[in-house]
2 protein chains.
Amino acid sequence: MTDSLHVVGIGNAIVDVIASAHDDFLTKHGMVKGTMQLIDETKAEQLYAEMGSTIVTSGGSAANTVAGIASFGGRTGFIGRVRDDALGAEFRHDITAVGAHFTTPPATQGPATARCLIVVTPDAQRTMNTYLGACADLGPEDIDADLIRSARVTYLEGYLYDREPAKEAFHRASALAHEAGAKVALSLSDSFCVNRHRDAFLALVDHHVDILFANEAEIAALFESSDFDTSIARLRELTAIAAVTRDVKGSVIVTPDRVIDVAAAPAAQVVDTTGAGDLYAAGFLFGLTNGEPLETCGRLGSLAAAAVISHVGARPQTSLRELLAQA
Amino acid sequence: MTDSLHVVGIGNAIVDVIASAHDDFLTKHGMVKGTMQLIDETKAEQLYAEMGSTIVTSGGSAANTVAGIASFGGRTGFIGRVRDDALGAEFRHDITAVGAHFTTPPATQGPATARCLIVVTPDAQRTMNTYLGACADLGPEDIDADLIRSARVTYLEGYLYDREPAKEAFHRASALAHEAGAKVALSLSDSFCVNRHRDAFLALVDHHVDILFANEAEIAALFESSDFDTSIARLRELTAIAAVTRDVKGSVIVTPDRVIDVAAAPAAQVVDTTGAGDLYAAGFLFGLTNGEPLETCGRLGSLAAAAVISHVGARPQTSLRELLAQA
């Protein structure tokens, strides 16, 4: 690697399988709208059989962010586990096609490549059902130290905390990044995920995370408070930079000294909100690692989020660099 | 089958692999914008490796039409060959998920399920590269006579003429439909396909086809004339009903007695024209098999085409029945 990277992402390497459905489909299957639940392979097969016609395209929270940064023209890498199967090949194709370095070798045995069965309701909300498959075996041995050291920011998804070896991988990567003088960024991923790991996440944010991404539901879960101002005040004490997304209300960037409101960017249409948070993080980190002021980072995040919610699927379908040039 | 079917489609069972690219990608790979070319598996692998990040979703011209009719609430069946592989399972899932009868068993040996590598340029045009795979083995033995006899219309894609056994399947199905007192519909598929099979198609349209679907380029190729009025005059002599799509100019429905102009329906945005012709045929045939007048058939075609060009992918992402109820 001759050039240093802007961002390396570490996360679950997942292929999304997306269908539209009405709200009664969620009710029938006991899903909580807007959240992610973990399912086993049997449940994944059952649910797939009952879903409508699907679109299959690469996903995974941190992987979506990496693909977004690459689409802006940023230099990126990704660490995550797939199997040597058709979906694994599709995941690898898609992330390398946008120019990201993806050096984690595919598993030659064990569970299949992970799938996330996503149901999109007419209100454009996405509800996710994840079979972790090969991701469940991600561990500290998968952390490519050279890749981490070469990046200005190492970006981790909170979902990694759902498996013990992935959590160890998370800590190894975070320690390597800090030793190399780089920053560590974390996405809280999902309010249920925060509920599962609240104390660990609070300690992480306090001691190990330099840049935090979350939405309103996730910080409410983190601080067990429905009062937004209270949560913001807590964030100012805990982190150097936090960016909290608020759907149509845009986002709030919080530092110990400042609270910056950023407007949402206009979306041509709102079809599927999958990836909105991931792409906000992409724009923000592309700006930050290119030395832009925080206001600009927030606007880049809004721009990328608006682009991805205008179609089905969690990754940009056209170049964000070109979109930015037009904007 | 207790109820009779509105339409049975026979065609190539293909999974689409779609990426966006600039025009220079077409030039570099010697593709002719807006057309379909047949490629072998090696070329398919090479092209996939060079394409950008993809979306994978079921396609196939007649299969898209069947899925569209089912989305309107029509009773449909499909005949086409997949392999017993992951893409074949995806194709089967998607067409049965919308309610179509799909009884052709998967091949247990031979080439893989067909793929169409589709490049979408910024002008929303699609350029297609098809590896026929398992479709190449479709033959007369695959024609389910009961399924054909149960349908009011048997719909065939011109692409079937690219393989001799599929052509025989075409003729067997067409004969069965007519013996049962049903109608035979044909899509001309592609101007290059028409050039390959002009004389055969002219004889077909004259003697065996009751309802013809084509676009301007295809009828120009069929009659070797760039004069639209000349082509329309020829169609009036040859067929009972022809529907010619004209992009933003809508469509023209031609019978021996009448020529009916139908406006295009407004599209929220034009992102990817893949499937526009297939979905026009879906709306048209849904109307026709429900006894609607030709004007209404044309308007239903326009509605379905406008829906499918507003997103990436050749099949409707939401219910056409609900869209129709709203319109």
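**A first look at two chains**

Trainee: How do helix 9 of chain A and helix 10 of chain A lie relative to each other?
Mentor: Helix 9 and helix 10 of chain A are roughly perpendicular to each other. Angles under 35 degrees count as roughly parallel, over 145 as roughly antiparallel, 65 to 115 as roughly perpendicular and the rest as oblique. Before we go on: this is a predicted model, in which local features need pLDDT of at least 70 and side-chain atom pairs count only at pLDDT 80 or more, while totals for chains, interfaces and linings use all residues. Residues are numbered from 1 along each chain as its sequence is written, and chains are lettered from A and ligands numbered from 1 in the order in which they are written.

Trainee: Thanks! At what angle do the axes of helix 9 and helix 10 of chain A cross?
Mentor: At roughly 75°, and the axes come within 10 Å. Axes are lines fitted to C-alpha atoms, for helices over the stretch in contact, and angles run from 0 to 180 degrees between N-to-C directions. Helices (H or I, at least four residues) and strands (E, at least two) are DSSP runs, numbered from the N terminus.

Trainee: And which residues meet there?
Mentor: Helix 9 of chain A brings A:Glu216, A:Ile219, A:Ala220 and A:Phe223, while helix 10 of chain A brings A:Phe228, A:Thr230, A:Ser231, A:Arg234 and A:Leu235. They divide into five nonpolar, two polar and two charged. Ala, Val, Leu, Ile, Met, Phe, Trp, Tyr, Cys and Pro count as nonpolar, Asp, Glu, Lys and Arg as charged, and the others, Gly among them, as polar.

Trainee: What about helix 3 and helix 11 of chain A, where do their axes cross in degrees?
Mentor: At roughly 45°, with the axes coming within 8 Å. Helix 3 and helix 11 of chain A are therefore oblique to each other. Their contact holds six nonpolar, five polar and one charged residue.

Trainee: New topic. How many residues of chain A are in contact with chain B?
Mentor: 25 residues of chain A are in contact with 25 residues of chain B; contact here requires C-beta atoms, placed from the backbone, to lie within 7 Å. Helix 4 of chain A gives the most to this side, with five residues. The side of chain A divides into 10 nonpolar, 12 polar and three charged residues.

Trainee: How many bridges join strand 4 of chain A to strand 4 of chain B?
Mentor: Two, and the strands run antiparallel. Strands pair if DSSP finds at least two bridges between them. A:Ile55 has B:Thr57 as its bridge partner.

Trainee: By what turn can chain A be laid on chain B?
Mentor: A turn of 180° with a shift of 0.0 Å along the axis, giving an RMSD of 0.0 Å. That is the relation of a two-fold axis. The superposition is by least squares on the C-alpha atoms of residues with pLDDT of at least 70 in both copies. In chain A, the C-alpha of A:Val56 is the nearest to the axis, 2.5 Å from it.

Trainee: Last one: what is the strand order of the open sheet in chain B?
Mentor: The nine strands run 6-5-1-9-10-11-12-13-14, with mixed pairing. Strand 6 (101-102) and strand 14 (259-262) of chain B are at the edges with a single partner strand each, so one side of each has no neighbour in the sheet. Strand 1 and strand 9 of chain B pair in the parallel sense over five bridges, and B:Val7 has B:Val153 as its bridge partner in strand 9.

Definitions and conventions:
Contact = placed C-beta atoms within 7 Å.
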